[in-house]
Every structure is written in structure tokens, then in C-alpha cells.
Amino acid sequence: MFETESKTVPITKQMFKEAYRKVKANQGSAGVDKESLEEFQANLLKNLYKLWNRLNSGGYFPKPLREVSVRKANGSKCKLGIPTVSDRAAQQVFKAYLKPRLEAVFEDNSYGYRPLKSAHQAIKAVSENVKHYIWVVDMDSKSFFDEVDHELLHKAIDCHEEEKGVKM
């Protein structure tokens, strides 16, 4: 049912299988379409094929997020956006496709949300780097994606990825 590779972006059948496994393992609620993991899995091959086809043809557009409020430990509420099962699978495919490309251009001293990098390693690196450099860049990721200039983020991705279907 699936071809091994797409026409322009090398998104393979295996990437979709692995993406869905991760989505299923994370469980989670249905998105705005109210389709549960169980309902998605009932027509799994058809749903994955449809998603694969849309991603490769440039016809994939994510659905709006379902917004829910979650009470935090301090009593305040935090809004969360819940994507559809299909959109979560697409996100996993994009992540698998882009991660190795972007990881290759990160500086060794970049520690945030990187595989095999920890806060303790970052502290050790800073204590070494202050011996050689006069400045340190420190960023707090709190509300980062709410506040980051998305146009600049897209420009940064444009520098590392030419495929239109990957850049949404």
C-alpha cells in the first residue's frame, strides 16, 4: 500500500509506523475531530496512507488544536492544545525527518532539549567556557513558543530544509 519513499521528501513507510507507535505509546486525548486512538487504529493503514499521501503531495494542513485548561500545582490554570491523532503522527514524522539535519548544525555547547545532553553537563560546560569567553547566552524556554517570532523561526528552518512539504 505504501511506497518506500516519497517523490521529493524521503519519508518512508517505516517512519510512519514508528511515528504511530510513539503516538500510541503516549496515549492522549482526541483532538478537535474527536477521533480517539482506537478509532484511528481501526482504519490504521488507510489513515496512515492518507496522511503519507497528503504529506508527500503538499496537501497536508494540520487541524486546529482542541484547547483544554489544566490546573497547575499552585492552583493556576494552564491552557494546553491537543492535536488530532493524525497531526500527532505527522509531527512525529517531521521530527524524525528534521532532527538529524538540525542536530548536525547545533553547536556542541547548545544543551536545551537535546538528546544525551543534561542540565548538569550544561553547568559543567559553562564553568569551563567562562575561562575562555567573556559572555554566555542563557535562554529560559518558559513560554518560548508563545513568544518567539514565528517568521524568524521559519526563516531559520528555510536555511536548513528546502522541501516545501516539510515547512508548514
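Reader: Why is Val105 called partly exposed?

Author: Its relative accessible area is 45%. Buried means under 20%, exposed means over 50%, and partly exposed is what lies in between (1.4 Å probe, protein chains only). Val105 at 45% therefore counts as partly exposed. A word on the background: this is a predicted model, in which local features need pLDDT of at least 70 and side-chain atom pairs count only at pLDDT 80 or more, while totals for chains, interfaces and linings use all residues. Residues are numbered from 1 along each chain as its sequence is written, and side-chain values use heavy atoms, with hydrogens and water left out.

Reader: Where does Val105 lie, and how far is Val105 from His160 in space?

Author: Val105 belongs to the loop between H4 and H5; helices here are DSSP runs of H or I with at least four residues, numbered from the N terminus. Val105 and His160 are 55 residues apart in sequence, yet their C-alpha atoms are 8.8 Å apart in space.

Reader: What makes Leu116 worth a look, given its phi?

Author: Leu116 is not a glycine, but its phi is positive, about 60°. Most residues other than glycine have a negative phi. Leu116 also lies in the loop between helix H4 (85-103) and H5. With a relative accessible area of 83%, Leu116 is over the cut-off and so exposed.

Reader: Why is Gln27 called exposed?

Author: Gln27 has 53% relative accessibility, which is over 50%, so the word applies. Gln27 sits in the loop between helix H1 (13-26) and helix H2 (37-42), and Gln27, too, has a positive phi, of about 55°, without being a glycine.

Reader: How do you know that Arg101 sits over the ring of Tyr97?

Author: The rule asks for CZ of Arg or NZ of Lys within 6 Å of the ring centre and within 35 degrees of the ring normal. The charged end of Arg101 is 3.9 Å from the centre of the Tyr97 ring, and Lys117 lies over the face of Tyr111 at 4.6 Å from the ring centre.

Reader: What makes up the largest nonpolar core?

Author: A nonpolar core is a set of buried Ala, Val, Leu, Ile, Met, Phe, Trp, Tyr and Cys residues joined through side-chain atoms within 4.5 Å. The largest one has 20 residues, and Phe16, Leu51, Leu55 and Val93 have the most contacts inside it. H1, H2, helix H3 (44-57) and H4 each supply at least two residues of this core, with H4 giving the most, seven residues.
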